[in-house]
Amino acid sequence: LKPNSTILIVEGHFDTWRMMSFGFNCTGMIGTENWSKYKTASIKAKLPKRVIICTDGDQPGYKAGNMLN
């Protein structure tokens, strides 16, 4: 990953594979409950230009989006 790139964060491994097949720098949460502050710090350490979070529109998806701030 190059600095100042965009990182796309999705929920599942199939979502990750699909977005990667379109050429996105992508990582998956592999379930919203598996995300942690350590993983957030790892993403921030890569110095991305922007991070796009794509979660489902359900309660766990909203909760996960708030954890990444």
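In this presentation, helices (H or I, at least four residues) and strands (E, at least two) are DSSP runs, numbered from the N terminus. On that basis the protein has 3 helices and 3 strands. Read from the N terminus on, the order of these elements is β-α-β-α-β-α.

A word on the source. What you see is a predicted model, in which local features need pLDDT of at least 70 and side-chain atom pairs count only at pLDDT 80 or more, whereas totals for chains, interfaces and linings use all residues. Residues are numbered from 1 along each chain as its sequence is written, and side-chain values use heavy atoms, with hydrogens and water left out.

I turn to the overall form. The C-alpha trace spans about 30 × 25 × 15 Å along its principal axes. The radius of gyration is taken over C-alpha atoms, and the globule rule is 2.2 Å times the number of residues to the power 0.38. For 69 residues a compact globule would come near 11 Å, and the protein, at 11 Å, agrees with this.

Accessible areas come from the Shrake-Rupley method with a 1.4 Å probe; for residues, only the protein chains shown count as cover. The protein exposes about 4,900 Å², of which carbon and sulfur atoms supply 56%. A residue is called buried under 20% relative accessible area, exposed over 50%, and partly exposed in between (1.4 Å probe, protein chains only). Of the 69 residues, 28% are buried. As for contacts, meaning heavy atoms within 4.5 Å, 53% of those between residues at least 6 apart in sequence join residues at least 24 apart.

Let us now consider strand β1, residues 6–10. Because 4 of its 5 residues are buried, β1 is largely enclosed by the rest of the structure. Which strands does it pair with? Two strands pair if DSSP finds at least two bridges between them. With β3, residues 50–54, β1 pairs in the parallel sense over 5 bridges; here Ile7 has Val51 as its bridge partner. With β2, residues 26–28, β1 also runs parallel, joined by 3 bridges, and Val10 has Gly28 as its bridge partner.

A crossover is right-handed if, with the strands pointing away from the viewer, the path from the first strand over the helix to the second runs clockwise. β1, helix α1 (residues 13–21) and β2 make a right-handed β-α-β unit.

Is Ser5 buried or exposed? Its relative accessible area is 13%, so Ser5 is buried. Leaving aside residues up to four places away in sequence, Ser5 touches Asn25, Pro48, Lys49 and Arg50.

Rings of Phe, Tyr and Trp (its six-membered ring) pair if their centres lie within 6.5 Å; planes under 30 degrees apart count as stacked, over 60 as edge-to-face and the rest as tilted. The count is 1 aromatic pair. The ring centres of Phe14 and Trp17 are 5.3 Å apart and the planes stand at 80 degrees, so this pair is edge-to-face. Phe14 and Trp17 are 3 residues apart in α1 and therefore separated by about one helical turn. Phe14 is exposed at 59% relative accessible area, and Trp17 is exposed at 52%.

Finally, Leu47 sits in the loop between α2 (37–45) and β3. With 56% relative accessibility, Leu47 counts as exposed. Beyond residues up to four places away in sequence, Leu47 touches Pro3 and Asn4.
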